[in-house]
Amino acid sequence: MRLFSTLLIGLSSGAIYSLMALALVLVWRSTRVVNFAQAGQAIASTYIGYLVISRTDNYWLALPVALVAGALIGALVDVALIRTLNKRVKSGPAAEMAPVIVTLGLLGLIRSTVGMIWGGDLKAYKAPVTNHGFTFGTTTIPFSPYNLLIVITAVIVMAVFSIIFQKTNLGLSLRAAAFQPEIARLAGVRVDLVRTIGWAFAGGAGAVAGVLVTPSNSLSPNSLDLLLVLGFVGAVIGGLESLLGAAIGGVVLGIGLAFILEYVSTSLAFPSAFIVLILVLLIKPSGILGKKGGRGA
Amino acid sequence: MSLIIENLTVRHGAITAIDSLSFRVNERELAAVIGANGAGKTTLLRTLSGLNEPIGGSVTWHGESILHTKPEDLVRRGILHVSDGKTVIPELSVKENLALGGLWRKDKKDVVVATDEVIDLFPRLGERLTQSADTLSGGERQMLAIGRALISRPKLLLLDEPSLGLAPLIIDQIFQTLDSLRHKLGLTVVLVEQNAMSALGIADTGIIINLGKLVTVGKSNDLKSDPNLRAAYLGY
C-alpha cells in the first residue's frame, strides 16, 4: 500500500512538472530560448487566477481565466521582446545569449511587479475538492481527490495539445516552423505568427501548472521558482525536443522524487533532482526517448 | 510579363556576393543560371525568394517589385523556391511535407486535386506517404520538395541545384520531369545549376555568372556550342 500510494503521489506531482516541462519545450524547440521567464509568466497568471478565486470563490472559473491570461502573457513576451530582439541581434554570441538573459531579467521584473501589486506575503486558496487522502478501510493514503484532479486535468491538457499538434493544420505549421523554419517559410508558413502561438500555448500550460500546484503550497511572488527548475529537469530527461518526452520526463521525475522523499530522506529529494539532471546530460544528453536527432512528436 | 532583375547587389558582410546583376526571364521560359561554386547562384535565388535582403537594385515579377517581401508572402504570389540540401522536413512524414504546400491555400478542393496530381507524377511518394521523410533517398527527397512546391500551384519556380548529390540516372529523370512539367503547367523557371550540360539541355536561356557578376546571357543552344565558354565555365 505504501508503495502504491507513493507511486500515486509521484504521479500527481509529476503531472505538474510535466506541464511546466511542456511549456519549456514548446518555447525551446520553436525559438531556441530557455525561457526562465516561464516561472514569472506562470506566477502572474496564477495571481490572476487567485484574484478570480478570491472574488468568486470559484476554482473552475479561475483555471480557464488563468490559462487565457497565461497564453496572452506568453504571446506578448514573444511579440514585444523575443521577436524584436531576434530582428535586432541577428548573429554572433549575443544572438544566442541575449534572449536567455532577457527572459532571466523578465522573470525578476514580473516577480517584483507581482509583489508590488499583491504584496509579498503568502496567499493561499483552497482546492475545489478535498486535499485529504483517500481512505481504504482503516488506512488513509496521502493521495487525495485533489491529487486525482491534478492528474486528470494534466492529462486533459496534454491530450488537447497532442490532438492539436498531431491532427490539425495549426499543429503541422507549429511542428514545421519548429523543426525547419526556413523550409516552412518557403512552403508558405507564417513562421513568426506560428511561433507566437507556440509561446501562447506554453504560457497557457505554465499557468495551468501554477493554478494546480498552489492549493498544495502557498502563493508568493517566487513560489513557482522551484517548479521551473523541476520542469526544466523533466524537460531534459525527456530530451528537450519532444512534447511526449517532456510529459514522460516530468512524470518520471515526480515518481522518482516521491520515492526518495518516502523511502530515503526528505533532505535528499531536491538535490537528487539536480543529480539526475547532471547524470542525464552526461550520459544521455538526448534524453530517455532520444534517438540521434532526438526530435519527435 | 516577366521576371526582370536590374542592378541587383547583395552583400554578405564584406563580400559582395551579387554585383549589379541584370537579366530578364520571360514568362513560360526556363532560364538556367550557371556558374562555379561561390559564383553567387544560391544567393541570387535566396534574394529572389525573400530570404536574403539586397543592398541595391530592383527585381520585378509581372511588373511588381518582389524585393523586401517575406518568403511566405511571395509564396502567396506564386513564387516558390525549392532550396538545395535539406529541402524536406525530415521530422515530418511524406504526407505532412506535401500538406505544407497547401496549408495556406483557401481552395482546399484544388489542394486535393493538386496532391493527387503530384502522387500520379511521383508514384514513389504515394507508396511512402506515411513514412518519415528522413527515410527517403536523395532523389525521392528532391521529388518531395518539387511536389510540395507544385501543390502551391506555382507560377514562378526557383530551383536550387536539383542535381546536387544525385546519381546521373536520377538527374536525367528529374530534368525530364521538370521539362515536361513546365511545358504542361506553363511555369516560368529559374534553375540554378553547376551541372551545366543537363541544365542547358532543357533551358531556353542560359545565364552565366562568375563571382556575382554576369558573364553572358544567351540562347542555351548557342552557349552550349561556344568553345570559349565551354572551356571556361561549362566544364565539359
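Reader: Take strand 3 of chain B. Which residues are on one side and which on the other, and are they buried or exposed?
Author: B:L30, B:A32 and B:I34 are on one side, and B:A31 and B:V33 are on the other. All of them are buried, and both faces of the strand are covered. Keep in mind that this is a predicted model.

Reader: What does that say about strand 3 of chain B as a whole?
Author: 5 of its 5 residues are buried, so strand 3 of chain B is largely enclosed by the rest of the structure.

Reader: Which strands is strand 3 of chain B joined to, and by how many bridges?
Author: 5 bridges join strand 3 to strand 8 of chain B, and the two run parallel. Another 4 bridges join strand 3 to strand 9 of chain B, also parallel.

Reader: What does B:I34 pair with there?
Author: In strand 8 of chain B, its bridge partner is B:E193. In strand 9 of chain B, B:I34 stands opposite B:I208.

Reader: OK, and the whole sheet? What order are the strands in?
Author: The order is 6-7-8-3-9-10 in chain B. These 6 strands form an open sheet with mixed pairing.

Reader: Which strands stand at the edges?
Author: Strand 6 (79–82) and strand 10 (213–219) of chain B. Each has a single partner strand, so one side of each is left without a neighbour in the sheet. On average, neighbouring strands of this sheet are turned by 15 degrees against each other, direction ignored.

Reader: How does strand 10 of chain B connect to strand 9?
Author: By 6 bridges, with the two strands running antiparallel. As one example, B:G206 stands opposite B:G218 in strand 10 of chain B.

Reader: What lies across the strands?
Author: Helix 1 (residues 41–48) of chain B lies across strands 3, 6, 7, 8 and 9 of chain B. The helix runs at about 150 degrees to strand 8 of chain B.

Reader: Different topic. How many residues does each chain give to the contact between A and B?
Author: Chain B gives 21 residues and chain A gives 17. On the side of chain B, helix 2 (71–76) and helix 3 (94–100) are the elements that give two or more residues. The largest share, 4 residues, comes from helix 2 of chain B.

Reader: What classes of residue are on that side of chain B?
Author: There are 9 nonpolar, 6 polar and 6 charged residues.

Reader: Last one. What are the confidence scores?
Author: The mean pLDDT of chain B is 92, and 97% of its residues reach 70 or more. The model scores ipTM 0.93 and pTM 0.90.

Key: Residues are numbered from 1 along each chain as its sequence is written. Chains are lettered from A and ligands numbered from 1 in the order in which they are written. This is a predicted model: local features need pLDDT of at least 70, side-chain atom pairs count only at pLDDT 80 or more; totals for chains, interfaces and linings use all residues. pLDDT is the predictor's confidence in each residue, from 0 to 100. Two strands pair if DSSP finds at least two bridges between them. Axes are lines fitted to C-alpha atoms, for helices over the stretch in contact, and angles run from 0 to 180 degrees between N-to-C directions. Two residues are in contact if their C-beta atoms, placed from the backbone, lie within 7 Å. Ala, Val, Leu, Ile, Met, Phe, Trp, Tyr, Cys and Pro count as nonpolar, Asp, Glu, Lys and Arg as charged, and the others, Gly among them, as polar. A residue is buried if 20 or more other C-beta atoms lie within 10 Å of its own, exposed if 12 or fewer, and partly exposed in between; C-beta atoms are placed from the backbone.
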